[in-house]
Amino acid sequence: MNKKLLIIVFCSLCAQIGFAQKTQSVSSPDGKIQTSISIGDKITYTVTSNNQTVIEASPISMTLNSGEVWGKNAKLDKSTKRIINQKITSPFYKRAQINDNCNELTLRFKKDWGIKFRVYNDGVAYRFINYRKIPFTVQNEEVKYNFTKDCPATVPYVRLDGVSNYKDFEKQFHNSFENTYTTDNLSKLDSNRLMFLPLVVEAGSGIKVCITEADLESYPGLYLNKAQDGNSLNGVFAPYPKRTEQGGHNMLQFRVKERENYIAKVNGAREFPWRVAIITSEDKQFAESDMTYKLAAPSRVPDYSWVKPGKVAWDWWNDWNIYNVDFEAGINNDTYKYYIDFASANRLEYVILDEGWAVNLKCDLMQVVPEINIKELVDYAAKKNVGIILWAGYHAFNRDMENVCKYYSGLGVKGFKVDFMDRDDQEIVDFNYRAAATCAKYHLILDLHGMYKPAGLNRTYPNVLNFEGVHGLEQLKWSPATTNMVKYDVTIPFIRMAAGPMDYTQGAMRNAAKGCYTPINSEPMSQGTRCHQLGLYVILESPFNMLCDNPSNYMRETECLDFIAKVPTVWDDTKVLDGKIGEYIVTQRQSRNNFYVGGLTDWTPRDLAINFSFLGKGDYKATVFKDGKNAHRAGRDYKKEELVVNASSTLNIHLAPGGGFAIKLEKIN
């Protein structure tokens with residue numbers, strides 16, 4: 001071999017080695033999804049599924065306030081791969097055990113930082129890692145999703161009631177994370193408005209991507225914003241609050257008046273939140289996904305045997321509007337004893353005292369209105385095997401959290417529903433973790449309202465049973481008739497619920513067929529049929545689940561009440577049998593030897609064939625609630641029937657416009 005040829009071979013080998021150092025890849029266990037990471041003057045990653053590009057080369061970086069940029073001219077120190085294949089116990093969830101199987105790639109760069117990628121059979125996630133022990137601040141994190149073409153997307157914009165000019169992001173950083181969905185091509189999305197997570201993009205060739213985040217701890221939540229050019233979505237974060245001012249709803253909130261020039265404080269070595277892309281060609285897999293739970297930090301509560309999920313008789317939605325009683329209903333002990341009696345008679349685990357039991361505008365949970373005696377109610381409820389949950393506004397809870405939790409736990413209160421945080425900057429995210437930890441310390445369960453989407457906190461602190469972050473049924477106390485709640489109901493299981501459980505607060509007994517709905521605060525109604533409401537108890541994941549209507553109405557509807565009262569709130573297993581975003585869904589769940597099947601449709605009537613092949617051997621008693629013949633005119637019209645089925649049976653069910661169904665299957669011994 002001559003000298004010239006040797007030089008050519010040597011240069012070729014050097015080029016290959018250099019390429020290997022600059023390009024890394026990791027695939028899903030089944031080999032169908034692959035992520036390729038390019039390391040050069042910047043770091044980009046590309047995601048393919050079945051050889052179809054889902055996310056094209058998208059840059060990622062993190063800028064520190066020192067001016068250092070993680071991702072700019074990065075020098076790879078080492079890369080390591082590992083296979084994760086384990087089972088996760090998930091006690092208060094849609095399945096009792098989760099298979100956690102993925103391939104992981106960790107890239108460690110010089111100057112003590114890194115990026116970790118995980119690829120599952122249903123998606124990709126990545127996160128930054130800090131190995132340094134010294135504190136610093138993060139000025140910004142570059143999050144970008146580049147798509148190959150002008151794809152359709154289904155997104156929830158930040159909603160600011162009464163505001164027409166959204167150009168000021170600061171105004172949008174203060175919101176309740178509640179809105180219906182807008183579906184449009186990427187090019188037509190409003191670049192002046194922020195979108196909160198999760199959201200879905202149709203990436204082409206039948207493949208869809210649900211974008212969310214997981215393990216969001218001590219860091220601001222991620223918004224997305226339509227890029228000014230190209231088919232891209234850019235990440236946006238609320239900067240850290242510098243100056244806040246008390247105000248908002250009954251002075252229970254803190255509004256940011258001035259912000260720092262950074263988004264997060266970092267006190268030492270840590271891992272940052274996961275950026276999650278759930279990928280599927282079948283909508284139903286979004287509703288089944290466990291990625292958020294799998295990516296969350298494991299439980300920090302050594303013993304959570306005291307945590308009790310269940311159902312709640314709720315007062316606020318129905319405006320304490322009970323009847324056929326010999327006392328004046330309202331925020332008083334007589335009314336709550338009536339709720340407690342109702343809960344006890346129907347074996348509901350809890351009664352909630354929503355806003356009004358503490359003196360208004362004082363922001364002091366130790367000041368109770370004279371009409372309420374908490375100790376008396378707690379003791380009365382305990383004798384009837386019912387727990388009491390107290391509502392609390394953010395500032396009232398935050399200002400004296402330790403004493404409040406200690407005192408009310410000592411009285412026998414079982415938990416808190418904390419409301420009106422309405423932000424997701426680092427300060428509020430830290431509050432949620434402190435609230436979870438403090439409540440766990442005093443054996444209190446927690447329901448977080450006025451809250452961004454869940455991101456795995458319920459795994460890390462299993463006493464956090466539920467989250468709002470949903471445009472729930474409460475909206476129908478005031479929303480105009482143009483609101484399409486029925487379509488929303490068949491959208492959230494695929495998008496919002498991919499992030500975790502939600503306190504939607506279903507269970508209305510006043511049900512409006514299409515064209516019959518009107519907002520009434522004191523006697524609110526749902527859109528759609530009675531069986532649509534019953535189906536929601538099977539479809540929605542909600543370990544701490546409300547009965548939103550008043551006891552007087554439920555006692556007039558004993559068949560429906562009996563079903564609602566007995567349907568579980570946590571499950572051994574869950575499978576979505578069929579569905580399409582924004583159109584319909586059919587879900588099957590298992591609790592011990594019993595199965596439940598629920599279905600919902602939008603305003604389009606639908607005929608479905610329910611195949612019971614998931615049943616084990618033998619016969620099952622099927623109790624079926626389905627839309628009545630006139631449910632399209634009178635939403636409360638339904639039919640209950642009982643029959644015997646087995647694994648070879650098929651049941652044909654007609655769903656009225658805005659309709660639904662619910663089936664309980666009990667093994668016949």
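A salt bridge is a side-chain nitrogen of Lys or Arg within 4 Å of a carboxyl oxygen of Asp or Glu. Side chains of opposite charge can pair when their charged atoms come close. The structure is a predicted model, in which local features need pLDDT of at least 70 and side-chain atom pairs count only at pLDDT 80 or more, while totals for chains, interfaces and linings use all residues. Residues are numbered from 1 along each chain as its sequence is written, and side-chain values use heavy atoms, with hydrogens and water left out.

The structure holds 37 salt bridges. One of them joins Arg159 to Asp161, with the closest N and O atoms 3.1 Å apart. Burial was judged by relative accessible area (buried, under 20%; exposed, over 50%; partly exposed, in between; 1.4 Å probe, protein chains only). Arg159 is partly exposed, at 22%. Asp161 is exposed, at 61%.

A salt bridge also links the side chains of Arg259 and Asp425, at 3.3 Å from N to O. Arg259 lies in strand 19 (residues 253-259), and Asp425 lies in the loop between strand 26 (415-419) and helix 9 (426-441), so the pair ties together parts that are 166 residues apart in sequence. Here helices (H or I, at least four residues) and strands (E, at least two) are DSSP runs, numbered from the N terminus. Arg259 and Asp425 are both buried.

Lys664 pairs with Glu666 in a further salt bridge, and their closest N and O atoms are 3.7 Å apart. Lys664 counts as buried, with 15% relative accessibility. Glu666 is partly exposed, with a relative accessible area of 25%. Elsewhere, salt bridges that share partners join Glu170, Arg259, Arg423, Asp425 and Glu427 into one network.

Helix packing was examined next. Helix 5 (residues 333-345) packs against helix 6 (residues 374-383) at an angle of about 20°, and their axes are 10 Å apart. Axes are lines fitted to C-alpha atoms, for helices over the stretch in contact, and angles run from 0 to 180 degrees between N-to-C directions. Helix 5 and helix 6 are therefore roughly parallel to each other. Angles under 35 degrees count as roughly parallel, over 145 as roughly antiparallel, 65 to 115 as roughly perpendicular and the rest as oblique.

In helix 5, Asn333, Tyr336, Lys337, Ile340 and Asp341 meet Glu376, Leu377, Tyr380 and Ala381 of helix 6 (contact means heavy atoms within 4.5 Å). The residues of this contact between helix 5 and helix 6 comprise five nonpolar, one polar and three charged. Ala, Val, Leu, Ile, Met, Phe, Trp, Tyr, Cys and Pro count as nonpolar, Asp, Glu, Lys and Arg as charged, and the others, Gly among them, as polar.
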